[in-house]
Amino acid sequence: MFESSVIEISKSALQTNLKFLKQKTGAHVKFCSVVKGNAYGHGLTEFVKLAMECDQHYFGVYSADEAYHISKNIKNTPELYIMGMVEGEAIEWAINKGIEFCVFDEKRLEDALKYSKKLKKKAKIHLEIETGMNRTGFYEKEIAIVGELINNNKQNFEVKGACTHFAGAESMANNFRVSQQIGKFYQTLLTIGKAGLTPTYKHAACSAAVINYPETIGNMVRVGIMQYGFWPNDETFIRYNGDKEKNSKILKRLITWKSRLMNLKSVKKGEFIGYSTSYLAHRDMKIAVVPVGYSHGYSRNMSNTGKVLVRGVEATVVGIVNMNAITIDVTHIEGVEIGDEVVLIGTKEQNSKCGFFQ
Ligand SMILES: *Cc1c(COP(=O)(O)O)cnc(C)c1O
């Protein structure tokens with residue numbers, strides 16, 4: 001109620017993106033929809049609900065608080081997998097809720113065992129393998145101990161997965177490193193097998209790997225950025241089919257961010273606009289104020305450079321992005337009025353004259 005801007009997320013765009021991605025992976029492959037970072041800014045609960053409507057029922061978060069947020073806000077909580085941070089009582093909570101989580105060191109494995117015994121419930125774990133990212137993961141030489149601990153406590157563990165994460169699958173410049181990671185991953189999977197462990201899913205591929213290293217798709221993928229309609233980077237976008245024009249229609253952006261014009265002003269040539277002296281009117285200008293600023297996530301880096309759409313026409317941010325407002329140059333936009341809709345993120349097609357408030 002009374003919000004100064006709204007974010008819309010498009011179900012049909014999500015359907016388009018999921019369809020493309022699932023075609024790439026194959027229908028039999030377990031698809032983990034990655035929703036860390038507030039679903040890449042799209043709104044965690046809102047996105048997960050929408051994705052569930054699109055037949056997606058397995059989600060990857062980075063930390064336990066994100067899993068907690070989903071379980072609190074969504075009635076039929078989907079399958080969840082914590083890929084990063086979970087410790088202490090959060091491990092107990094996760095086991096109790098049947099939430100899967102990554103294990104990459106002995107401490108967490110022992111904690112999982114402790115809480116599993118306490119709850120008399122299996123811990124659903126994914127063993128993360130260090131293959132060269134040098135962030136988290138067991139080294140191959142640790143697998144023997146891991147295997148022993150798990151095998152000695154079979155009633156306490158369900159080994160859901162063995163996984164790793166690539167350090168830059170989006171760029172050919174990292175090809176040597178990523179290829180080594182792939183080799184290391186398969187080699188360690190063999191060691192895991194020899195240790196008597198049989199993880200259900202073997203997974204490494206993020207969005208970029210699904211496209212650039214399809215051989216790593218295996219029986220599960222963890223896809224984030226592309227489901228939101230973004231290619232991991234330009235290189236992946238151009239490399240795919242080598243046809244930029246065709247590729248531009250494959251993925252659809254889910255997000256639109258809209259506000260409206262709150263005020264209009266005429267500013268005389270030679271006057272400064274906004275705080276300090278960062279923008280000097282070089283001619284008589286008409287400027288408009290939009291009630292969105294860096295506190296809402298409109299980056300201060302957009303000062304004097306950001307572009308928005310009013311009546312389908314581009315308008316540039318003039319002056320410094322304030323905490324709660326930006327000023328934009330609308331001198332060239334015919335018929336502009338207070339209340340006109342402003343598209344902060346989105347396309348001309350999504351920019352109607354009358355805003356969502358009317
Ligand atoms: C973020 C993340 C992903 C998804 O990466 P995208 O490039 O957004 O597809 C997969 N795995 C892990 C461990 C991650 O942290």
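**Briefing: domains, cysteines, sheet and a buried loop residue**

The C-alpha centres of domain 1 and domain 2 are 42 Å apart. The model is a predicted one, in which local features need pLDDT of at least 70 and side-chain atom pairs count only at pLDDT 80 or more, while totals for chains, interfaces and linings use all residues. Residues are numbered from 1 along each chain as its sequence is written, and side-chain values use heavy atoms, with hydrogens and water left out.

**Domains**

- Domain 1 covers residues 10–247 and domain 2 covers residues 262–339; such bounds come from an automatic or database domain assignment.

**Cysteines**

- A disulfide is counted where a pair of cysteine sulfur atoms lies within 2.5 Å, and the count by this rule is 0 disulfides.
- Cysteine 32 takes part in no disulfide, and its nearest cysteine sulfur, that of cysteine 163, is 10.0 Å away.
- Cysteine 102 is likewise in no disulfide, with the sulfur of cysteine 163 as the nearest cysteine sulfur at 4.0 Å.
- Cysteine 32 has a relative accessible area of 0% and is buried; cysteine 102, at 2% relative accessibility, also counts as buried. Here buried means under 20% relative accessible area, exposed means over 50%, and partly exposed lies in between (1.4 Å probe, protein chains only).

**Sheet**

- Strands (E, at least two residues) and helices (H or I, at least four residues) are DSSP runs numbered from the N terminus, and two strands pair if DSSP finds at least two bridges between them.
- An open sheet holds 8 strands in the order β1-β10-β16-β13-β14-β15-β12-β11, and its pairing is antiparallel.
- Its edge strands, each pairing on one side only, are β1 (6–9) and β11 (263–267).
- From one strand to the next the twist averages 35°; axes are lines fitted to C-alpha atoms, for helices over the stretch in contact, and angles run from 0 to 180 degrees between N-to-C directions.
- Strands β13 (residues 307–310) and β14 (residues 313–318) run antiparallel and are joined by 4 bridges. Valine 308 stands opposite alanine 315 in β14.

**Isoleucine 129**

- Isoleucine 129 is located in the loop between β6 (123–128) and α7 (143–151), and it is buried, with a relative accessible area of 1%.
- Beyond its neighbours within four places in sequence, isoleucine 129 is in contact (heavy atoms within 4.5 Å) with residues including Phe138, Cys163, Phe185, Leu189 and Ile192.
- Isoleucine 129 and phenylalanine 230 are 101 residues apart along the chain, and their C-alpha atoms are separated by 28 Å.
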